[in-house]
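Me: Please take a close look at one part of this model, the contact between the two chains. Then go on to the ligand site and the backbone.

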Amino acid sequence: MGERADALLDVRNVEVVYNDVILVLRGVSLRVDRGEIVALLGANGAGKTTLLRAITGLLEVHRGQITKGAVHFKGEPVDHEDPSKLVRAGVSQVMEGRRIFAELTVDENLKAGAYTVRDKTKAAAGYERVMELFPALRPRRGDTAGYMSGGEQQMLAIGRALMASPQLLLLDEPSLGLAPLIVEQISEIITTVNEQGTSVLLVEQNAHMALSIADRAYVLENGRIVKDGTGAELLDDDDIREFYLGVGEAGRKSFRDVKSYRRRKRWSA
Amino acid sequence: MTQFLQACFDGLALGSQYALIVMGFVVIYRATGIINFAQGGALILGAYMTYNVSNTWGWNFYLAIVVSAVVVAIFSILLQRAMLQRIFRETIGVIGGLLLWAASVYNGASHAVGVVVGVVAGLVIWQLAARIEARVGARGPSELPLFGAIMVTIGVLFVVRQIVATIWGFGELNVEDPWELDTTMVGDVILQNAKIATIVLAALGLGLFFIIDRYTRIGIAMRATHFDHEAAIAQGISTKLVFATAFGLAGVVAALAGTSAASGANLITPQIDTIVFLAFPAMILGGFDSPGGAVAGGMLVGIFQNLVKTYVAQPPGWFPTDDLTWLGAGFERVAIFVVMILVLLVRPYGLFGTEEVRRV
Ligand SMILES: Nc1ncnc2c1ncn2[C@@H]1O[C@H](COP(=O)(O)OP(=O)(O)O)[C@@H](O)[C@H]1O
Ligand SMILES: [Mg+2]
């Protein structure tokens with residue numbers, strides 16, 4: 001994969017080990033260019049969340065470590081940065097499972113998201129932007145966040161990440177456990193945010209949702225990137241259709257087929 | 001009626017002290033999950049600092065309180081740095097060195113000899129600790145089991161007691177506060193001015209805490225970190241700053257508690273921190289992680305304790321017996337522990353504590 005001048009995020013050949021022994025990422029390379037939405041697909045346990053941790057400096061919390069390779073953001077190496085420096089540099093994330101501060105109010109959650117923003121007018125502008133993107137949050141500003149519905153919580157989690165006005169937004173399975181209608185809304189929001197100038201790395205198991213809005217996509221399996229291409233290419237790809245979209249020639253594949261498919265490991269290089 | 005109101009007022013004053021003490025424990029527990037017994041040391045230090053600045057240096061008393069609060073806050077923050085930021089061997093070395101310095105001075109050695117003994121002992125202990133550390137792979141109490149961290153805080157408490165005794169002696173000292181033994185009468189109720197001052201001090205200190213906790217950036221960061229450490233880090237929140245703030249605030253309330261425990265009719269000794277243990281029922285009733293519960297628990301226990309004391313000394317007319325002296329002097333202190341146990345049977349997390357962190 002050739003280097004490009006406008007690569008915003010550049011993950012090169014990253015290897016991650018937990019507890020000094022468990023090798024989870026085995027040389028992952030991936031790139032997000034300015035203005036792009038890039039999807040990262042993969043089954044449970046493939047290492048998607050681990051890759052995001054490697055990018056954002058959260059590995060330490062999990063006793064994980066980058067043992068090889070490097071992560072560059074805007075051309076600067078960031079693989080040993082403090083998480084807060086990365087947020088300041090312009091990378092925000094929506095963690096898997098939303099992880100909103102359920103005991104705090106909606107407003108307090110958003111303020112926590114703006115922790116790194118010292119400029120008052122910037123913080124106020126960020127707040128207004130979030131309220132425009134998520135009008136449903138406005139009447140609930142003073143409510144305890146934990147009492148909101150799953151969809152509203154996901155909106156809040158995305159809003160919280162946007163408070164820092166990031167250049168790159170990382171989303172870890174934002175559609176998880178949400179009704180199709182809400183998933184639809186969220187993908188629209190992601191598109192809007194992207195049009196407003198934020199690049200997006202979207203981690204998903206919901207390949208349909210992700211590929212329909214992504215410029216490019218990667219498929220991660222067992223800690224390795226096994227496929228990449230434009231969103232449209234992957235949507236048309238037979239393997240993806242079979243395995244992730246469940247629309248092979250014979251319609252929905254059974255679990256046994258999937259297992260035998262995995263055994264064949266057609267994607268591995 | 002007068003008797004009842006009197007007990008309530010005295011209880012409110014005592015409860016204010018409890019609330020200040022409990023708040024110190026709660027704010028640190030909330031940030032780190034540790035019961036920090038070094039809070040007792042901070043309280044001692046607060047009392048003696050106020051004494052030193054106002055009596056020895058002759059500064060204005062209110063200024064002395066401020067100086068004391070600042071010094072104890074700095075002490076707490078440094079302590080936290082040492083304990084939680086992975087410099088285990090240094091902490092142990094410094095603690096050991098100071099202890100031996102204090103012990104040798106206490107046993108009659110001159111200060112010069114004491115300093116030499118302390119430095120040598122500190123270096124030796126440091127090296128030993130480094131060896132142990134290398135063997136077990138622990139890098140600091142934050143990586144030790146919680147129990148180990150709590151033991152370290154108990155160690156710090158004893159060290160502070162020793163050092164304070166070395167500097168200011170074991171004797172009773174009287175802080176020259178503006179209230180001394182003056183009183184104000186409201187009807188037939190006698191309000192000791194020092195107790196009024198305690199209530200005001202607590203209201204100011206706790207009010208400041210609540211404003212910071214509720215409305216400021218760092219307050220929101222503290223609560224967010226308590227709820228979900230990793231998600232807070234992901235927002236760019238600095239846990240170092242959160243910990244430092246928690247310990248600093250704990251230091252301030254400890255200094256206020258110490259000053260109040262030293263004022264009025266009270267005298268100070270290096271054992272002034274025993275009040276900390278009397279505050280435990282308040283902490284457990286309030287729930288370890290609830291600042292509001294700290295205040296409510298403190299007030300309830302303070303008032304209850306004084307009511308028991310009053311009516312045991314002089315049982316009300318309707319009571320079947322008019323002599324309860326067989327319960328023993330200081331029964332009220334037993335009573336609060338009994339009530340604590342009874343409440344815990346019904347509500348294991350205290351009256352105001354959160355049962356489990358809600359992760360929706
Ligand atoms: N803290 C950890 N310690 C050890 N192993 C972990 C840890 N976190 C994740 N793993 C392992 O790493 C692999 C990838 O996990 P993860 O990155 O969460 O995958 P995904 O997000 O794709 O579901 C899994 O096998 C998981 O068990
Ligand atoms: Mg995951």
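Reply: This is a predicted model. The contact draws on 23 residues of chain B and 29 residues of chain A. The size of an interface is often given as the accessible area lost when the parts come together. For chain B and chain A that area is about 2,500 Å², with 56% of it on carbon and sulfur atoms.

In one salt bridge, the side chain of A:Arg99 meets that of B:Glu230, with 2.9 Å from N to O. Residue pairs in polar contact between chain B and chain A number 5, counting those with both residues at pLDDT 80 or more. On the side of chain B that touches chain A, the elements giving two or more residues are α8 (217-227) and α9 (229-234) of chain B. Of these, α8(B) gives the most to that side, with 7 residues. By residue class, the side of chain B that touches chain A holds 12 nonpolar, 4 polar and 7 charged residues.

Most residues other than glycine have a negative phi, and most peptide bonds are trans. A:Ser165 is another residue other than glycine with a positive phi, in this case near 45 degrees. A:Ser165 lies in the loop between α5 (150-162) and β7 (168-172) of chain A.

The ligand site comes next. Ligand 1 has 14 residues around it, and those that come nearest are A:Gly45, A:Gly47, A:Lys48, A:Thr49 and A:Thr50.

- A:Gly45 places a backbone N or O atom 2.8 Å from an oxygen atom of ligand 1.
- A:Thr49 has a polar side-chain atom 2.6 Å from an oxygen atom of ligand 1.
- A:Thr50 has a side-chain N or O atom 2.4 Å from an oxygen atom of ligand 1.

Taken alone, ligand 1 exposes 560 Å², and the protein buries 69% of that. Two or more residues of the shell around ligand 1 come from each of β2 (22-33) and α1 (48-56) of chain A. The element that gives the most to this shell is α1(A), with 4 residues. Divided by class, the shell around ligand 1 has 5 nonpolar, 7 polar and 2 charged residues.

Terms used. Residues are numbered from 1 along each chain as its sequence is written. Chains are lettered from A and ligands numbered from 1 in the order in which they are written. This is a predicted model: local features need pLDDT of at least 70, side-chain atom pairs count only at pLDDT 80 or more; totals for chains, interfaces and linings use all residues. Side-chain values use heavy atoms; hydrogens and water are left out. A residue is near a molecule or strand if one of its heavy atoms lies within 4 Å of it. A polar contact is a pair of N or O atoms within 3.5 Å; within protein, one must be able to donate a hydrogen and the other to accept it, and residues adjacent in sequence count only if both atoms are side-chain atoms. Accessible areas come from the Shrake-Rupley method with a 1.4 Å probe; for residues, only the protein chains shown count as cover. Ala, Val, Leu, Ile, Met, Phe, Trp, Tyr, Cys and Pro count as nonpolar, Asp, Glu, Lys and Arg as charged, and the others, Gly among them, as polar. Contact means heavy atoms within 4.5 Å. Buried area is the accessible area (1.4 Å probe) that two parts lose on being put together, summed over both. A salt bridge is a side-chain nitrogen of Lys or Arg within 4 Å of a carboxyl oxygen of Asp or Glu.
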